[in-house]
Amino acid sequence: MIPVMRPLLGEEEALAAAEAVRSGWVAQGPRVREFEEAFAGSVGARHGVAVSSCTTGLHLAVHLLGVGPGDEVVVPSLSFIATANAVRYTGATPVFADVDAATGNLTASTVEPVITARTRAVMVVHQAGVPADVDALKALCEPRGIPVIEDAACAAGSTYQGKPVGTGALLAAWSFHPRKLLTTGEGGMVTTDDPDWAVRLRRLREHGMSVSAADRHNGGSAVIEQYLETAFNYRMTDIQAAVGLVQLSKLDAIIARRRELAARYHELLADVPGVTAVGDPEYGTTNYQSFWVWLPEEAPDRQDILAGLAERGVSARRGIMASHLEPAYEGHPSAPLPVTEAFTARTLILPLFHDMTNDEQDTVVSALSETLHTSRLTVRG
């Protein structure tokens with residue numbers, strides 16, 4: 001079975017993790033700090049704050065802005081459910097906005113209709129690595145005093161206006177889950193250019209301690225820490241950071257290979273009627289964290305197509321979820337979201353991974369073409 005994805009992990013990562021274990025310092029420590037600096041530099045940010053996941057990073061970003069009960073945060077429904085959940089964690093209300101069909105992202109025109117007097121932030125997602133038009137959103141939000149948070153979970157290595165996604169971001173949260181291009185197993189990062197925010201984010205991830213455990217250990221004298229505010233345990237380990245540093249050194253090569261494979265997909269899929277694939281927006285480049293395709297309008301039930309692909313040895317996935325259609329958000333009010341609902345119903349994610357072969361790609365496209373053809377015959381019959 002051809003998998004949807006496979007992380008690029010090898011002996012270098014294993015050795016780095018083992019070295020961290022042998023060092024005796026396995027909790028948040030020097031490797032975490034090194035990884036923070038290296039990752040922040042790679043995305044054009046001044047400060048990086050490592051956390052336990054992108055979800056916890058998003059929660060910290062919203063919490064940092066003082067968002068709470070009675071407030072609203074505009075988010076896309078078309079996103080992994082953690083995006084909306086991070087708003088709920090603060091007691092605030094996520095307000096769903098529709099997305100652009102080509103990019104899967106919020107736009108200024110989809111966000112403006114749902115802004116109210118209670119809107120405290122907009123959380124834009126760079127969906128599956130496709131960069132969102134952040135400048136247009138900032139032009140809409142900043143005159144209103146509304147900060148823009150970037151959910152960059154999938155976007156490491158994508159570019160916007162010729163620079164890495166994350167450059168100039170007020171607050172951006174990143175994921176290092178195994179489905180991402182750069183993985184530490186689990187883990188995340190918050191990046192910002194604000195030094196005061198970086199200090200507070202580090203405090204918030206570590207129970208609100210005035211002095212981190214690593215700094216106490218390296219201080220050379222007894223230090224009695226204080227707990228300055230109610231906070232969280234959202235730390236990353238040095239073992240994860242050691243793996244992350246190796247992964248970061250491979251990121252450019254990973255993206256180059258994925259873009260090469262994506263270009264070949266585009267060539268092959270040109271011969272499959274009615275199928276259109278994700279690509280670069282005019283203002284940036286995607287890292288192709290996921291390769292999604294729109295199915296033809298006359299295509300039958302997507303589950304049948306997924307089953308047909310599986311029968312032919314291809315593991316595919318449904319398109320990006322729509323949070324407002326999940327049981328957790330049943331009864332949650334929202335404006336009409338026609339593009340979101342079409343997107344989640346009529347898209348598939350096809351296999352794409354670093355060591356994918358041409359033969360495997362040919363098999364995927366052939367399986368999709370055959371399945372669609374068979375399904376059309378069944379429907380007509």
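**Notebook: a helix contact and some rings**

I looked up where helix α2 meets helix α9: P30, R31, V32, E34, F35, A38, F39 and S42 in α2 touch D238, A241, A242, G244, L245 and L248 in α9 (contact means heavy atoms within 4.5 Å). By class, this contact has 9 nonpolar, 2 polar and 3 charged residues. Ala, Val, Leu, Ile, Met, Phe, Trp, Tyr, Cys and Pro count as nonpolar, Asp, Glu, Lys and Arg as charged, and the others, Gly among them, as polar.

I noted that this is a predicted model: local features need pLDDT of at least 70, side-chain atom pairs count only at pLDDT 80 or more, and totals for chains, interfaces and linings use all residues. Residues are numbered from 1 along each chain as its sequence is written, and side-chain values use heavy atoms, with hydrogens and water left out.

Next I turned to aromatic rings. I found 11 aromatic pairs in the structure (ring centres of Phe, Tyr and Trp, its six-membered ring, within 6.5 Å; planes under 30 degrees apart are stacked, over 60 edge-to-face, the rest tilted). F96 and Y329 pair edge-to-face, at 5.6 Å centre to centre and 70 degrees between the planes. F96 is buried at 1% relative accessibility, and Y329 is buried at 0% (buried is under 20% relative accessible area, exposed over 50%, partly exposed in between, with a 1.4 Å probe and protein chains only).

I also checked charges over rings. R88 lies over the face of Y329, 3.7 Å from the ring centre (NZ of Lys or CZ of Arg within 6 Å of the centre and within 35 degrees of the ring normal). R6 lies over the face of F353, at 4.7 Å from the ring centre.

Notes
Helix = DSSP H or I, 4+ residues; strand = E, 2+ residues; numbered from the N terminus.
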